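Dear colleague,

I am handing over the structure below, followed by notes on what was found in it. Please keep the two side by side as you read.

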Amino acid sequence: MSRSYAGAVTADPAEPPAAPTPGTAPVPSRTPDLESLRLLVLVADLGSLGRAAERLRIAQPSASRRLSTLERALGLVLVDRTRRGSRLTASGQIVAGHARRVLDEVEALLTGSDALRNRREAELRVAASLTIAEYLLPAWISELRSRRPELYIGLQVTNSEHVPGLVESGEADVGFVEGPHLSQVMSTRQVAEDRLVVVVDPGHPWSRRRQPPDAQELSTTPLVLRERGSGTRQTLDRALHLAGCGRARALLELGSTAAVRGAVIAGTGPAVLSELAVRGDVAEGRLVGIDVAGVDLTRALRAVWPMGRRLVGPAAELVAVARGKDRSGRAGRTSRKGGAVR
């Protein structure tokens with residue numbers, strides 16, 4: 001089966017060859033197009049210009065003109081044409097050997113490209129921040145796989161600061177972050193919205209106060225915090241900054257939401273976590289949600305991918321699923337009443 005190759009340059013059959021400089025070999029005036037090389041190889045294999053033309057489904061006069069153009073382009077006589085048929089010259093046999101290797105390499109390129117495209121369509125690599133990976137991505141992935149059961153999905157979980165690097169390096173096809181800042185310039189799209197909530201254990205003094213703490217008190221109270229670079233930590237620091245306060249003070253820094261939750265439940269101190277992560281604990285009385293006056297702890301959850309690259313295939317489908325779930329309200333929004341997260 002023959003393939004056509006866009007961008008091949010075919011010399012005009014009517015164009016005369018360039019005149020060689022005296023004492024030097026003629027310089028080729030064109031890069032041979034692949035179909036002309038294929039024709040030459042077929043003449044070598046089949047021993048007949050007519051049979052080669054028939055194999056390529058072109059008229060014999062067109063095949064003859066194509067060979068003549070190739071000869072002018074290379075500055076060589078490749079075919080002896082006689083009444084008994086056409087046969088390659090010694091130069092033609094050498095060029096045909098080179099042409100065969102060129103065509104083999106082109107076929108390998110196309111076959112390899114097909115394999116890469118098919119693998120891309122059957123595989124999705126995702127990088128996500130911890131909160132998104134734990135509380136939202138499982139539902140997104142489940143819906144995507146219900147549509148594409150053959151799809152393999154690999155997930156790398158890290159903090160928001162490291163997600164863009166994984167996507168930029170090609171280790172992930174798309175990333176999801178929860179922080180207000182990106183470590184590098186990326187294309188982004190909001191897929192959902194989340195809100196952070198201040199939580200304490202039931203024995204903490206804040207759980208019994210009639211007057212809630214304000215942004216200033218929150219910024220000066222040592223907290224159990226996620227590590228620097230996490231989206232939760234970035235969102236809290238930004239919210240305090242916009243409220244005219246300094247950054248949160250760390251009583252303890254931990255590398256996962258689960259560890260922070262456990263420390264607060266054990267009575268270590270207050271923390272600020274995604275409402276997605278503490279909803280069950282508050283409902284069952286292990287934690288108490290605290291209103292804080294004068295600070296906005298809402299945040300956008302975003303998909304990220306390299307600037308200038310179009311999001312296609314399974315990566316684009318996953319982003320569409322995430323956006324659809326947020327619009328339908330199934331992304332896990334919670335409500336607050338009387339200082340509790342329900």
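This is a predicted model. The notes start with helix H3, residues 60-74. At 1.5 Å a residue, its 15 residues should span 21 Å, and the end C-alpha atoms are 21 Å apart, so the two values agree. Several H3 residues are buried: Ala63, Leu67, Thr69, Leu70, Glu71, Ala73 and Leu74. After H3 comes Gly75, which has a positive phi, near 70°.

Next, the nonpolar cores. The largest of them has 34 residues, and those with the most contacts inside it are Leu124, Leu137, Trp140, Val174, Phe176 and Val191. Among the elements that give two or more residues to this core are strand E3 (123-128), helix H6 (137-147), strand E5 (174-177), strand E6 (186-200) and helix H12 (313-328). H12 gives the most, with five residues. Another core lies apart from this one; it has 24 residues, including Leu39, Leu42, Leu56 and Leu67. Leu67 is also one of the buried residues of H3.

Last, the aromatic rings. How many aromatic pairs are there? The count comes to one. The pair is Trp140 with Phe176: the ring centres are 5.3 Å apart and the planes are at 55°. Planes under 30 degrees apart would count as stacked and over 60 as edge-to-face, so this pair is tilted. Trp140 is in helix H6 and Phe176 in strand E5, 36 residues apart, and the pair thus links distant parts of the chain. Both residues, Trp140 and Phe176, are buried.

Regards

How values were computed. Residues are numbered from 1 along each chain as its sequence is written. This is a predicted model: local features need pLDDT of at least 70, side-chain atom pairs count only at pLDDT 80 or more; totals for chains, interfaces and linings use all residues. Side-chain values use heavy atoms; hydrogens and water are left out. Helices (H or I, at least four residues) and strands (E, at least two) are DSSP runs, numbered from the N terminus. The expected span of a helix is 1.5 Å times one less than its number of residues. Buried means under 20% relative accessible area, exposed over 50%, partly exposed in between (1.4 Å probe, protein chains only). A nonpolar core is a set of buried Ala, Val, Leu, Ile, Met, Phe, Trp, Tyr and Cys residues joined through side-chain atoms within 4.5 Å. Rings of Phe, Tyr and Trp (its six-membered ring) pair if their centres lie within 6.5 Å; planes under 30 degrees apart count as stacked, over 60 as edge-to-face and the rest as tilted.
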